[in-house]
Amino acid sequence: MKSKRFLEIVNVPQLEQRWNNSFVGAISNEPALKEFFDSQREAIRGELSEAGLAVNFTVADIRDMASGEAALIWLQLETKNAVCVMVDT
């Protein structure tokens with residue numbers, strides 16, 4: 001088993017607050033750009049699915065659960081891929 005990718009967010013609520021205060025966070029909430037941001041999310045979801053990593057949760061799901069740290073690990077097993085998600089609730 002190999003760890004292919006690792007994403008750690010030390011403080012999910014703080015990241016969300018900083019995102020909302022950023023320029024990109026502000027424009028991501030603009031109605032005129034909603035279609036663009038939605039298409040980007042779907043493109044990423046499609047690429048993950050093609051790589052054998054069908055993800056059945058959203059960023060909002062993690063945000064709703066996390067009170068602190070969250071980590072996402074992409075594992076390459078002998079014959080397939082797997083995802084491990086750890087969330088501090």
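Me: What percentage of the 89 residues in the protein chain is buried?
Reply: This is a predicted model, in which local features need pLDDT of at least 70, side-chain atom pairs count only at pLDDT 80 or more, and totals for chains, interfaces and linings use all residues. Residues are numbered from 1 along each chain as its sequence is written, and side-chain values use heavy atoms, with hydrogens and water left out. Buried means under 20% relative accessible area, exposed means over 50%, and partly exposed lies in between, with a 1.4 Å probe and protein chains only. By that rule, the buried part of the 89 residues is 15%.

Me: In what order do the three strands stand in the open sheet?
Reply: Two strands are taken to pair if DSSP finds at least two bridges between them. The pairing in this open sheet is antiparallel, and the three strands stand in the order β1-β2-β3.

Me: Why is one side of β1 and of β3 left without a neighbour in the sheet?
Reply: β1 covers residues 2–9 and β3 covers residues 81–87. One side of each is left without a neighbour in the sheet because both stand at the edges, each with a single partner strand.

Me: How many bridges join β1 and β2?
Reply: Within this pairing, Leu7 stands opposite Leu72 in β2, while Lys2 has Gln76 of β2 as its bridge partner. The two strands pair in the antiparallel sense, and the number of bridges between them is seven.

Me: How many residues lie between β2 and β3 in their hairpin?
Reply: Strand β2, residues 70–76, runs antiparallel to β3 and is joined to it by seven bridges. Ala71 has Met86 of β3 as its bridge partner, and Leu75 stands opposite Ala82 in β3. In the hairpin that β2 and β3 form, the number of residues between them is four.

Me: How many of the eight residues of β1 are buried?
Reply: The strand β1 lies largely in the open. That description follows from the count of buried residues among its eight, which is zero.

Me: Is Ser28 buried or exposed?
Reply: Ser28 lies in helix α2, which spans residues 23–28. Contact means heavy atoms within 4.5 Å, and, not counting residues up to four places away in sequence, Ser28 touches Trp19 and Phe37. Its relative accessible area is 17%, so Ser28 is buried.

Me: How far apart in space are Lys34 and Ala51, C-alpha to C-alpha?
Reply: Lys34 is found in helix α3, which spans residues 34–50, and at 48% relative accessibility Lys34 counts as partly exposed. Lys34 and Ala51 are 17 residues apart in sequence, and their C-alpha to C-alpha distance in space is 26 Å.

Me: What share of the contacts between residues at least 6 apart in sequence joins residues at least 24 apart?
Reply: The C-alpha atoms of the protein chain fill a box of roughly 45 × 30 × 20 Å, taken along the principal axes. Among the contacts in the chain between residues at least 6 apart in sequence, the share joining residues at least 24 apart is 51%.
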